[in-house]
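User: This one is new to me. Walk me through it, please.

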Amino acid sequence: MKKWIPLLPALAIAALAEEAGDRRTQASILNGLGVYHYIAGNIPEAIRSLEQSIELKEASGDTERMAAVLSNLASMYVFRGDLATAMALYHRGLTTAEEM
């Protein structure tokens, strides 16, 4: 349980943001949680958090920092050895950044 203690404030803020319909804040927190899970060695949970962040950004039309989230997600797939998926995500991130 101790390893989840640092997540409690982020999870509480995410819940408040969801309640308020603030997708941008939710997406930012989920990106941070994805990075946290990666550092903690929980790649499946990192991927879930990052994918949720991308979904929220897409649903709200928020492309700010989308390239960074896509790059974070691509890194998870590199770590897993799925280079084809990683390259597709890196390319998507590059295209997104160029369109901004």
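**Helix packing and confidence**

Analyst: Start with two helices: α2 passes α3 in a left-handed crossing. Left-handed says that the near helix is turned anticlockwise from the far one by less than a right angle; clockwise would be right-handed. The model is predicted, so local features need pLDDT of at least 70 and side-chain atom pairs need 80 or more, while totals for chains, interfaces and linings use all residues. Residues are numbered from 1 along each chain as its sequence is written, and side-chain values use heavy atoms, without hydrogens and water.

User: At what angle do α2 and α3 cross?

Analyst: Roughly 160°. The axes of α2 and α3 (residues 43-60) come within 8 Å. That makes α2 roughly antiparallel to α3 (over 145 degrees; under 35 is roughly parallel, 65 to 115 roughly perpendicular, the rest oblique).

User: Which residues make that contact?

Analyst: From α2, they include Arg23, Leu30 and His37. From α3, Ile43, Glu45 and Lys57 are among them. Contact means heavy atoms within 4.5 Å. By class, the contact of α2 with α3 has 9 nonpolar, 8 polar and 3 charged residues.

User: What about α2 and α4? What is their angle?

Analyst: About 25°, with the axes 10 Å apart. α2 covers residues 23-39 and α4 covers residues 66-80. So α2 is roughly parallel to α4. This crossing of α2 past α4 is left-handed.

User: Which residues meet there?

Analyst: Asn31, Val35 and Tyr38 of α2 meet Val69, Asn72, Met76 and Phe79 of α4. That contact divides into 5 nonpolar, 2 polar and no charged residues.

User: Switching topic. How many aromatic pairs does the structure hold?

Analyst: It holds 1. Tyr38 and Phe79 form the pair, 5.8 Å centre to centre with 85° between the planes, so it is edge-to-face (ring centres within 6.5 Å make a pair; planes over 60 degrees apart are edge-to-face, under 30 stacked, the rest tilted). Tyr38 lies in α2 and Phe79 in α4, so the pair ties together parts that are 41 residues apart in sequence.

User: And α4 with α5: how far apart are their axes?

Analyst: 8 Å, at an angle of about 170°. α5 is residues 83-99. That makes α4 roughly antiparallel to α5. Among the contact residues are Leu70 and Tyr77 of α4, and Leu89 and Arg92 of α5. The classes are 12 nonpolar, 5 polar and 1 charged.

User: Last thing. Where is confidence lowest, and where is it highest?

Analyst: The lowest is α1 (residues 8-20), at a mean of 71. The highest is α4, at 94. The chain averages a pLDDT of 86, and 91% of the residues score at least 70. pLDDT is the predictor's confidence in each residue, from 0 to 100.

Notes: Axes are lines fitted to C-alpha atoms, for helices over the stretch in contact, and angles run from 0 to 180 degrees between N-to-C directions. Helices (H or I, at least four residues) and strands (E, at least two) are DSSP runs, numbered from the N terminus. Ala, Val, Leu, Ile, Met, Phe, Trp, Tyr, Cys and Pro count as nonpolar, Asp, Glu, Lys and Arg as charged, and the others, Gly among them, as polar. Rings of Phe, Tyr and Trp (its six-membered ring) pair if their centres lie within 6.5 Å; planes under 30 degrees apart count as stacked, over 60 as edge-to-face and the rest as tilted.
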